[in-house]
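Please view the sequence and model below before reading on.

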Amino acid sequence: MAQLTTRQKLEILADAAKYDASCASSGTTKRDSRGGKGIGSTEGMGICHAYAPDGRCISLLKILLTNSCIFDCHYCINRRSSDVRRARFTAREVVDLTLNFYRRNYIEGLFLSSGIIRSSDYTMEQMVEVARSLRQDHHFRGYIHLKTIPDADPALLHQAGLHADRLSINVELPTESGLKRLAPEKDGGRIEGAMRHLRSEIEDGQDARRKYKSAPRFAPAGQSTQMIIGADAADDRAIIARASSLYDRHRLRRVYYSAFSPIPSPSAVLPLRRPPLMREHRLYQSDWMIRFYGYDAGEIAAATDAATGCLPLDIDPKLAWALNHRATFPVDVNRAPREALLRVPGLGVRAVDRILLSRRHRRLRLDDVARLTTSIRKLRPFLIAADWRPLALADCADLRARLAPPAQQLDLFT
Amino acid sequence: MHRVLLTAPDDIDGWRASARQLATQGVDPADIVWQVGDAPDDLFGNIDLEQAATPAAFSVPRAFLDLAESAILHRDPQRFALLYALLVQLRARPGLMQDRADPLLRRVAALAKAVRRDIHKMRAFVRFREMKADGASRFVAWFEPDHHIVRANAGFFVRRFASMHWSILTPEISIHWDSQTLSEGPGAQRSDAPDGDPVEALWQGYYAAIFNPARLKTGAMLSEMPKKYWRNLPEAVLIPDLIAGAQAREAVMIARRPTLPKTQDDSAT
């Protein structure tokens, strides 16, 4: 086979990496390259340097070190039985690409993952070498996210955490039975064991930093994980419960969802149709409700359809919850506590905070609320304002129909 | 009628000094003409601000200063007057900054928001091209901001690219960094910047490959990367073809015959 050019390798190894949903580059320590010989900075909020036509942000150079793999996970384009073209970068090539892209302001940093070659330790060593070289040889101060391999030696995971801002380990599938069927060589117990280990390393690192300012940082942007949606039979209720338990037990920064999407060279075990992208979107909305709006996983489960166990696709889960709990509404925009306002469909966290500040200075009328929010139409049935009181919600049999967006043209592929 | 001459469109210090003095004197917002540059038009004659020896001190909330620092960079010629009107109201109503339903505050907040977005988009969409001369590299970018943000945004590029030599050229102003000092120059033209960089081909290859054709969502892309930015983004020339090819590519994947799992022995590693 002819030697691949850098561009050909990059195209193969980026194509293989795009099924990882995370592109976050936020939430790490603040640093810059003034007064040093290095390059790069992180200032809290990550930057999306471009957007692809799939609407996703491009913040990091997201690539695999190699797409060869000794595993045969059915949902994965890189499984050993797939007939995709294989490529492999050297650590040096990844370092050069990262720096060349960074200097031109294309990216915030690197998200490096890899297929497993030879052994978990061998692969992890190569990935750690990329991060080490960037940090130590080139004094790179940008963002580094390493996808870690659960079976790798804890000493290697430790090295990874000293160089990377974020580490992640994918749980892959929401249920243990799904993992057994679709990723038979992976072990759910070992995956969670590695997450537990990372949590304690991260917490030890934070502890040490509190005592000694000079203590090394360990993965200051924490750890995250990803689940594939729609490749197994897990319903949204099961997915939300799993995510919630992962958040609680491993202190994850984020759980990412990736709607299974058709891949070249699919395995015969998989569904050929993708789940609607809207399903992934609704799960992300429920994730936000838990993290920022004060709902617990059980309450979100109450918004799912009793028969299918899934969140409605035509309306968002917050509206679905409200329609199932009509007695809670309307709430008085001039009196209600923050927690109650956060549950009003259509009111975001920032709008609620603006309402709380503004109402100290005036009795809010519907016009005032309209100025503080994006759409008053959706809010009106749920709010009482100085000049507005809606009909009791229980009396509006057609409320859902009025608030749901109009039906859209059918997607060609669903 | 008072005329205030500001030295530059982003002259926050000049605006603050004048606004403080005018507000102390109780000057009505309607009686002030705010003007940038040293060539006043003669519509009102040249009436300068009376110099008060020591303007009485008064304090404003931090939130007002933060808002003013952003809003003053907006290209709207009314921005100086709107901020002054807000300052006058704020002296009468100290809690005003919290009343986000107030129409004037909302209008000024909208200016500040547009400026902050412009600043953020400049950090995102500046694309440097490498120029080599005498063995040394300089990274040069051409960028067209919507507002007067370049000077205010320079610090970000200094912090991030401290060891590089770089220039950002814009129609109104140019900024240059030589790894030690930041300097300013006059506005430039697109043709003053390099017209290519070999690394752009790699970046385009990456952009096309990281795109997932099974998830076409052009609306989401356009809301964050509107077309007005495309002409200065090397990757954007690919967008029309990627969109056109997307649905055809997904159909091919679905039509393709599935492969059966192999045993571990016959895999090449």
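**Salt bridges within and between chains**

B:Asp102 is buried, with a relative accessible area of 7%; buried means under 20% relative accessible area, exposed over 50% and partly exposed in between (1.4 Å probe, protein chains only). The model is predicted: local features need pLDDT of at least 70, side-chain atom pairs count only at pLDDT 80 or more, and totals for chains, interfaces and linings use all residues. Residues are numbered from 1 along each chain as its sequence is written, chains are lettered from A and ligands numbered from 1 in the order in which they are written, and side-chain values use heavy atoms, without hydrogens and water.

**Between the chains**

- A:Arg362 forms a salt bridge (a side-chain nitrogen of Lys or Arg within 4 Å of a carboxyl oxygen of Asp or Glu) with B:Asp102, the closest N and O atoms being 4.0 Å apart.
- The pair joins two chains, because A:Arg362 lies in a loop of chain A and B:Asp102 in a loop of chain B.
- A:Arg362 is partly exposed, at 25% relative accessible area.

**Within chain B**

- B:Asp99 and B:Arg93 form a salt bridge whose closest N and O atoms are 3.0 Å apart.
- B:Asp99 is buried at 0% relative accessibility, whereas B:Arg93 is partly exposed at 32%.
- B:Glu200 forms a salt bridge with B:Arg129, with the closest N and O atoms 2.7 Å apart.

**Network and total**

- A:Arg362, A:Asp368, A:Arg371, B:Arg93, B:Asp99 and B:Asp102 are linked in a network of salt bridges.
- Over all chains, the structure holds 49 salt bridges.

Terms used:
Helices (H or I, at least four residues) and strands (E, at least two) are DSSP runs, numbered from the N terminus.
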